[in-house]
Amino acid sequence: MSLPGATVQAPSTGAGRDHLFTAGSLERYRRVLADGIGRVADRVATVDRPCTGVTPQHLAPRVRGIDLDRPLGDTGAALDELHDVYLRDAVFFHHPRYLAHLNCPVVIPALLGEAVLSAVNSSMDTWDQSAGATLIERRLIDWTADRIGLGPAADGVFTSGGTQSNLQALLLAREEAWARAGARPSRPELLSRLRLITSAAGHFSVQKAAKLLGLDADAVLTVGTDTDRRMRADELAREIDRCRRDGLRVMAVVATAGTTDFGTIDPLPRIADICAAAGVWLHVDAAYGCGLLVSPTRRHLLDGIERADSVTVDYHKSFFQPVSSSAVLVRDRRVLRHVTWHADYLNPARAVEQHIPNQVDKSIQTTRRFDALKLWLTLRVMGPDAVGALFDEVIDRAADAWRLLTGDPRFEVVTRSPLCTVVFRWRPAGVAPHLVDDANLYAREALAASGAALVAGTRVDGAHHLKLTLLNPETTVADLAHVLDLIAGHAGGYVRSRTAGDLSCPVG
Ligand SMILES: *Cc1c(COP(=O)(O)O)cnc(C)c1O
């Protein structure tokens with residue numbers, strides 16, 4: 001008997017089955033993965049620039065031209081094609097002249113973890129989808145909370161990144177504000193009165209989180225920074241007072257331990273004092289600065305972080321881990337109940353009574369990768385001191401870059417970061433300000449187009465600046481000096497072409 005409208009097709013045998021990872025396909029598994037690893041190694045062996053400067057216009061037709069409904073059937077052919085659309089022109093963070101964003105080279109134990117976790121494919125929501133993986137993640141959360149000093153009631157969960165960690169922390173803060181709202185305003189009324197305070201150098205994910213949390217468009221208040229681009233604690237205290245006078249409720253203060261643009265650390269002890277006195281939730285966004293937790297020499301730069309109510313850490317920023325690897329930690333594990341929902345099919349309340357551990361009760365995700373395994377193998381193979389020593393090295397290198405720049409009359413530096421960021425601009429004497437601005441913009445683009453090095457750009461007080469984020473211990477002072485010469489060359493060439501009356505851009 002066939003159902004009306006159903007087409008009867010012969011079941012496909014063999015072809016698809018051969019590709020399933022099972023006990024029967026282990027030869028293929030070994031061969032295919034070794035082949036893929038070989039291709040990556042071959043490519044990395046020949047990388048002589050952080051990028052090729054490929055443009056979307058060049059690459060898009062190649063990607064578009066591939067017929068996804070016609071498989072190549074063969075791993076080798078698929079890898080050849082992948083070389084063409086991806087591996088050849090990828091941006092390589094392991095290259096010593098990749099100096100742009102918060103992307104680190106990754107450690108090999110973590111790559112091993114990545115291979116293991118995706119093959120076993122545990123899902124972190126429940127014990128019956130993960131078993132030991134749940135316990136391993138919990139140990140790493142406890143280990144991180146210990147390093148921070150959050151105390152015996154701390155807990156947390158791995159997340160996809162700092163953006164999600166910040167969102168979850170602020171969601172918990174919002175629900176705590178609701179739980180503590182004394183005279184019970186209506187929920188919309190409370191939402192409209194909630195405010196978040198961060199500094200002008202805080203991360204934009206705080207703004208996004210506010211939007212997702214249903215807060216007012218003007219709910220995020222930014223207080224000014226001092227000359228070192230650290231949050232001004234006196235202004236914070238005044239802003240909290242002003243909110244109170246205006247009948248607004250400060251739901252959380254977000255302090256940043258490692259600002260994305262300047263690598264500076266807000267004055268955590270003073271901010272913690274102010275939050276404690278005002279009874280305000282303190283969230284510390286240490287997405288970048290968390291590497292200091294394992295630094296053999298600089299842990300003290302995070303002093304005060306132990307007083308936070310919640311903390312964001314991004315192991316994929318400063319623990320040399322592959323994307324994604326991040327966590328949100330809380331001082332009081334009870335606040336995680338705000339993201340708990342019991343589903344009969346998954347995590348019934350009964351499981352709690354039976355003391356079966358699960359992570360879905362603490363997470364805003366359901367199915368979730370076992371990213372913790374990468375950090376686990378990193379710690380078990382290398383240990384925390386070795387990771388921290390790598391971070392120390394790049395901080396030393398940033399100090400070298402700062403010295404090079406401050407001693408060079410062609411350049412001007414904004415501030416000295418305690419981490420590994422250097423923000424500066426090309427600004428030799430005697431060049432008109434509007435030309436300086438354009439020349440810095442141009443130099444960054446020309447450098448990227450050449451592929452010789454990648455640096456980032458940002459605006460500081462309205463002016464175009466360049467930014468080095470030094471996360472690669474293999475970057476040498478000679479690399480830095482070379483890149484500065486290239487930048488000065490591009491910028492100078494641009495100014496010469498403009499002042500010679502030739503308004504077209506010189507070819508990079
Ligand atoms: C990178 C960063 C984030 C966002 O983290 P993702 O992992 O990119 O989502 C948040 N805050 C700070 C300070 C950051 O540097």
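Reader: Which helix gives the largest share of the shell around the ligand?

Author: A residue belongs to such a shell if one of its heavy atoms lies within 4 Å of the molecule. Helices are DSSP runs of H or I with at least four residues, numbered from the N terminus. In this predicted model, local features need pLDDT of at least 70 and side-chain atom pairs count only at pLDDT 80 or more, while totals for chains, interfaces and linings use all residues. Here H6 gives the largest share, three residues. Residues are numbered from 1 along each chain as its sequence is written, and side-chain values use heavy atoms, without hydrogens and water.

Reader: Which residues come nearest to the ligand?

Author: Gly162, Thr163, Asp285, Asp314 and Lys317 do, out of 15 residues around the ligand.

Reader: How much of the ligand's accessible area does the protein cover?

Author: Accessible areas come from the Shrake-Rupley method with a 1.4 Å probe. On its own the ligand has 380 Å² of accessible area, and the protein covers 86% of that. Two or more shell residues come from each of helix H6 (162-180) and helix H11 (315-318).
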